Structures are given as structure tokens and as C-alpha cells.
Amino acid sequence: MSDQEMDMEEGGVVKQFMFVNRKAPYGTIYALEGLEVVLISAAFEQDVSMAFIDDGVYELKKGQDTKALGQKNFSPTYRALEGYDIEKLYVEKESMAVRGLTVEDFAVDVTVLDHAEMAAKMAEQDVLISF
Amino acid sequence: MKIGVLVNEGPYTHEASDSAYNFTKAALEKGHEIYRVFFYHDGVNNATRLTEPPRDDRNIVNRWSELSKQHNLDLVVCIAAAQRRGVMDENEAKRQGKDAHNLAEGFRISGLGQLVEAGIQSDRLVTFGD
């Protein structure tokens, strides 16, 4: 139970929700359907954050072009998250490094955490949903 | 303890649905409360009553239906994920102009808000799937 949860007197419980994104954006549907849950969670006024690890870091890459795949390019949605008050985007440093990515490659502002810091952030959460 | 369960994979291809079922059954036998089982991604395929495995194999769909009947379990299938994959109840089939429906007994179709709510209301949300 988080401190916020104890502080709430009315209007229901606020929990720390972290959505963990581990997959590249178009090879499977997990990133797209995961994003749908994140957007819905905003309506519940929870303390929402997102973590990007492993191939999940590719979800945030700038300049995605999906025309040849015949799939919808949903990457602009990440830029819209701010409008839903979802501003805590954590990216794992080691996952970026092994894929040759820097924060310049991302379409949104992120907080870079190393492996141990990410583990600590996860340990703080009430609810972890991993896609 | 009050537990929410999230099933993210379909039947048979992955063990996730079997594991979720075994976990849910064991938790109930130990006296825990299962707040809800939510089926997302290919997990919605656990809810089609047209499933017909070989006779010597387990029927994963019927097993969920029976557990639901015994324990009054809330089995919720995500509507958006279900529409993509062709799982629908009678009302939804009518609304979409489809000539058939296939939702198994004990399951209901609802929105993703039911997953977030399960996270809020349960002491633990346990995920099964890749």
C-alpha cells in the first residue's frame, strides 16, 4: 500500500500503477494493446508510470514509418500521453546501450534509470502490468 | 487475500492459461478471494465455446466455465481484444451484424476499465502470459 492510498479520504483509492513495456512495437500486438490499457487507466485517476526495457525501448523511437508493414503507426500516441497526465516514462539504460540508442532517438522526454534503479522503482509499485 | 488474475495468452499454445487456472483453483481452495479473472490479448480465446480439443486432452474453456459456476467467479473478456479476434456474445454479434456468437458460459464481455479496477481493488494482481 502506498502512502497516497492512505491519504485518500474520498473519491477512492490511488495506487501506483506501472506498465512495463518489453516488446518491439510491431512484431507483436503487446505494445499497442498495452497502450490501450495505459490510456484507460488515466480515467481512474491513478498514479501511472511506464517502464521501457528490453526491445520495449524501440516503442519510443522517433521517425517510425509503418507504411510497408500495412500496420497503423501508433507512435504519436506516446507524445499524447502528457495530455492524460502520464508523464513518468522510465527507460532502462542498459537496454538502450545494447541497442545503440540514446535519448536523442526518442520521440518523448524520458527518465533514464539503470538496472538497479529500475528494480527499485518497480519495488515501489502497488500494481505492475507487463506487456 | 483478495487477488486479481490477468490472462494474456490463448489456450494450448502457451501454458499461461493452464497456470492461471491452476493458480486460481489453488487460491480458492486455500480460502482466498478471486476478485476477477481478466482475459486480454490472445487470452480472449480462452472464452470461445467452439473449442473442441481431442478427447484425451483437457478442455481449457470448459474448465474455466465450471470453475466459474462452482465459485461464482467473475470471468471478464476485454471487448476490444475480443472484437479483434472474433470472440463475441449474443448482443455484440447482433450489434455488429454477425451471424454467430461464441462466448462460453460463465464469461462476460466488458471494457479494459475492469482490468484497472481489478488492480485497484485487489491486494495483488497476478499476470499469466509472455
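# Exercises on a predicted two-chain model

Strands β1(A) and β2(A) run parallel and are joined by 6 bridges. The model is predicted, so local features need pLDDT of at least 70 and side-chain atom pairs count only at pLDDT 80 or more, while totals for chains, interfaces and linings use all residues. Residues are numbered from 1 along each chain as its sequence is written, and chains are lettered from A and ligands numbered from 1 in the order in which they are written.

## Exercise 1: the sheet of chain A

Work out the strand order of the open sheet in chain A, and find its edge strands.

Solution. 

Step 1. Start with the elements. Helices (H or I, at least four residues) and strands (E, at least two) are DSSP runs, numbered from the N terminus. Chain A has 5 helices and 5 strands, and from the N terminus on they follow α-β-α-β-α-β-α-β-α-β.

Step 2. Look at the pairing. Two strands pair if DSSP finds at least two bridges between them. Next, β2 (residues 47-52) and β3 (residues 88-92) of chain A pair in the parallel sense over 4 bridges; here Ser49(A) is opposite Lys88(A) of β3(A).

Step 3. The open sheet has 5 strands in the order β4-β3-β2-β1-β5 of chain A, with parallel pairing. Its edge strands are β4 (111-113) and β5 of chain A, each of which pairs on one side only. From one strand to the next, the twist averages 25 degrees. Axes are lines fitted to C-alpha atoms, for helices over the stretch in contact, and angles run from 0 to 180 degrees between N-to-C directions.

Step 4. Helix α5 (residues 115-123) of chain A lies across β1 (16-21), β2, β3, β4 and β5 of chain A and runs at about 140 degrees to β3(A).

Step 5. Check burial. A residue is buried if 20 or more other C-beta atoms lie within 10 Å of its own, exposed if 12 or fewer, and partly exposed in between, with C-beta atoms placed from the backbone. Of the 6 residues of β2(A), 5 are buried, so this strand is largely enclosed by the rest of the structure.

## Exercise 2: the build of chain B

How does the radius of gyration of chain B sit against the globule rule?

Solution. 

Step 1. Chain B has 5 helices and 5 strands, in the sequence pattern β-α-β-α-β-α-α-β-α-β.

Step 2. The radius of gyration is taken over C-alpha atoms, and the globule rule is 2.2 Å times the number of residues to the power 0.38. Chain B has a radius of gyration of 14 Å, close to the 14 Å that the rule gives for 130 residues, so chain B is as compact as a globular protein of that length.

Step 3. Along its principal axes, the C-alpha trace of chain B spans about 40 × 40 × 30 Å. Of its 130 residues, 45% count as buried.

## Exercise 3: where the chains meet

Which elements of chain A give two or more residues to the side that touches chain B?

Solution. 

Step 1. Two residues are in contact if their C-beta atoms, placed from the backbone, lie within 7 Å. The contact takes 15 residues from chain A and 13 residues from chain B.

Step 2. The elements are α2 (30-42) and β5 (127-130) of chain A. Of these, α2(A) gives the most, with 6 residues.

Step 3. Sort the chain A side by type: 9 nonpolar, 3 polar and 3 charged. Here Ala, Val, Leu, Ile, Met, Phe, Trp, Tyr, Cys and Pro count as nonpolar, Asp, Glu, Lys and Arg as charged, and the others, Gly among them, as polar.

Step 4. Now pick one residue on the other side. Leu6(B) touches Ile129(A), and its contacts also include Phe38(B), Tyr40(B) and Leu115(B), not counting residues up to four places away in sequence.

## Exercise 4: a residue of α5(B)

Is Gln114(B) buried or partly exposed?

Solution. 

Step 1. Gln114(B) is found in helix α5 (residues 113-121) of chain B.

Step 2. Gln114(B) has 19 other C-beta atoms within 10 Å, so Gln114(B) is partly exposed.

Step 3. Leaving aside residues up to four places away in sequence, Gln114(B) touches Arg36(B), Phe38(B) and Val76(B). Gln114(B) and Val37(B) are 77 residues apart in sequence and 9.7 Å apart in space, C-alpha to C-alpha.

Step 4. Compare the buried residues of α5(B), among them Leu115(B), Val116(B) and Ile120(B).
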